[in-house]
Structure formats: structure tokens, C-alpha cells
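Trainee: Please take a close look with me at one part of this model, the charged side chains. I would like to know how they pair and where they sit.

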Amino acid sequence: MIAETICQLARRLMQHPAAPYHEHAVRAEVENICAEHGLPFERDQFGNVLVRWRTAARQRPLILAAHLDHPGFEILRALSPTTWLAGFRGGVADNYFRAGIAVRLMPGEAPAKLGRRKGNSRTFELLTKNHAGKDACAPRFAVWELEDFSKRRGQIHGRACDDLIGVAAVLVTIIELKRKKARVNVLGVISRAEEIGFHGALACATSGNLPRNSLVISLETSRELPGVKMGKGVILRVGDRTSIFDPEATRFLSCVASELMAKRKGFQFQRGIMGGGTCAGTAYHERGFQTAAVCVALGNYHNSAARRRIAAEYVSVADVCGMVQLLMAAAEQILQYQELTGKLPQRLKEMLREAQKKLRATAQVQDFPMP
């Protein structure tokens, strides 16, 4: 059931190309999904979407944060009827930008190709074959010409798994909590312009719209690195390239995940820093929110495949299911936060008493004489 819903929503979201500051079509799809499932939502003053499901208003809020955008080109101006000047926004290595790569101009989905680099910046010509005509809609952004969505061999493939899989996980988690009639206080924060410095998350974190006592969980897809494996479960993201997230909040998720693994056959999880990039968790963490993070391993991170190829990203459906299961359990068990996170300090106190007793008893024992 969860896997099917994940794939259905991911397909709907991923059919809408997006780039930083050009997320309007996929945002509209998020709002359509919320309306269909009776989930209250609103846009903040920055265009981020806030999805609330609050059946236990006095509980500590749990924020699930993901983002709408993906690296892409922003159209700067027309150079001729068939040539556009565009700046690339997002993290892709320079050696992937090879002339002739197919791109898609948006809106309108007009085919084009990557042309010459202009100067030393990430600015390029985009070349179309045909004159669009004066009545045609001028493009505002462009994306790599890749498949929007497919599912094969237990994996989702598409241009923008990052982070529309995270967005789908937020929505499926809240939909499933509603279906279960769970007593929770959950807020989905679906932000804009993450790929150029988590602009939407930073603006939301400082807006006053988020309760300061919230526990924030940042959701991402993250480059597969040594120590974690795709298909081996959701990853508790201890940190990213620039930050280590809150140890107590991470311990809470670890306790919830361990209990879930003991109870639910097939659930598995991993731990890792996931230093391939900086995620929005850093934005919330640095703005004073207690923050933890989860992710799933991502293939072809930012469409950067082996041998300098631009290719579709991919994730394991089972890993995403595990992410949703963990988030649901965390939302339902947040009332046990102190109990779960307090187990380690209590165990350390017991160990300290035992250590002090034994250390005192043996402190004056005569050492064997040196030969």
C-alpha cells in the first residue's frame, strides 16, 4: 500500500520539470494532492507550501522538510530567435557541460541543445532548431532532456528524484497518518530554491511561521557513499558536508528505528554522515531548531553519471517505504521522546556507579614488581 502510493505520487510530481525559483508547476501538483486527500495546506509569503496535520495540538510539533527544486538552467535573455542565454543553477561539476547535450525549454517543452559556454561563469547558449514565433511563450528555464519517471526492478528512475522523492515521502507520511487516525502534530514544510543555498528553507525558518519547539527532520535523497548501500534501508543522516545534526534528536530516531526493526519484518536502516553535499537540515539547525535528518541513497546524484554522462537519477522504492515507516513511527512516538532519549544517560549513570565501585576497590592493589 505504501509503496504503491509512493510511486503514484512520485509519478505525478516528477512529470513537472522544475529549477530553482521555477517550481510553480510541481508546487501546484503538491497542492492538488493535498486537496484530494483533505490535507490542510497554505503558502507562506515566500511561496513555500506548509501542510499541517494536527490531531493532537498539544503535542510537540514534528516538522518534515523537503524541497521542490532540482538543478537546472535559468533563462537570462534571448540572443536570437533560436538562441537563449542561460545560467546553470545547482551543483553539477564543470566537466559534465558538453556541447550538444539535449535540454528541454520550459514552459512549452521545446527541444534544445547545450551550446557554447559564455565566459568563465556557468553561463551557456541554448540552441533551438526552429523559430518559436512571436506568439509562442518565451522560455523561463530549462532542464536536461531525460525521462520524467519510470519504475523498473524495484527502483524509481527520473530526472529529479532529488528531492521530489522527499516531497512524496512527506505527503505519503501525512496521508498514512490520517488514514490511521493517528494522534499526531505534523507539519510538512515543502520549500523552494534549495539547490542554490536552501533559500526557501532559510526564509521559512526565520519567518516565525514554525513553532520554535519543533523537532525538524530534513528529508533528502543523497549520493550513495561508502558505508551505506542502496536497498539496505533508510539512512539516519548524522550530518552533511558542513554540519553534524543534533545528537539527541538523532538518538530519538535511532531508538524509534531500532524498535521498528524488531517489530516489523523487512524494515532496515543505516547510519551515515552523507557528506556528498549540504542539505536544508543545516539551514534549520543553524537557525536554532533541534534538527535531525534522514535520506535514501541516490544513484546518479544531480544527474551526474559515470564517464561524464548526464543521466536519470534513481532510488530504491523499498528504501523510500522505510523512510515513510520511520517518519510515521516518529510522529506517533514523539510523546515518548524523553523516555527514549533518556535511556542512554540512565545506562551511563549505572555504568558510572559500577565503574566507581570497582575502581575504588582496586585502586590500592599492589602492582606486581618489575623484573
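Mentor: Let's begin with a network of salt bridges that links Arg104, Glu145, Asp148 and Arg159; a salt bridge here is a side-chain nitrogen of Lys or Arg within 4 Å of a carboxyl oxygen of Asp or Glu. Keep in mind that the model is predicted, so local features need pLDDT of at least 70 and side-chain atom pairs count only at pLDDT 80 or more, while totals for chains, interfaces and linings use all residues. Residues are numbered from 1 along each chain as its sequence is written, and side-chain values use heavy atoms, with hydrogens and water left out.

Helices (H or I, at least four residues) and strands (E, at least two) are DSSP runs, numbered from the N terminus. Arginine 104 is buried because its relative accessible area is 6%, while aspartate 148, at 22%, counts as partly exposed. Buried means under 20% relative accessible area, exposed over 50%, and partly exposed in between, with a 1.4 Å probe and protein chains only.

In the whole structure, the search finds 18 salt bridges. One of them joins the side chains of glutamate 31 and arginine 43, at 2.7 Å from N to O. Here too distant parts of the chain are linked, twelve residues apart: glutamate 31 belongs to helix α2 (residues 24-36) and arginine 43 to strand β1 (residues 41-43). Glutamate 31 has 11% relative accessibility and so counts as buried; arginine 43, at 44%, is partly exposed.

Glutamate 176 and arginine 179 form a salt bridge, with their closest N and O atoms 2.8 Å apart. Both lie in helix α3, three residues apart, or about one turn of the helix. Glutamate 176 is buried, with a relative accessible area of 2%.
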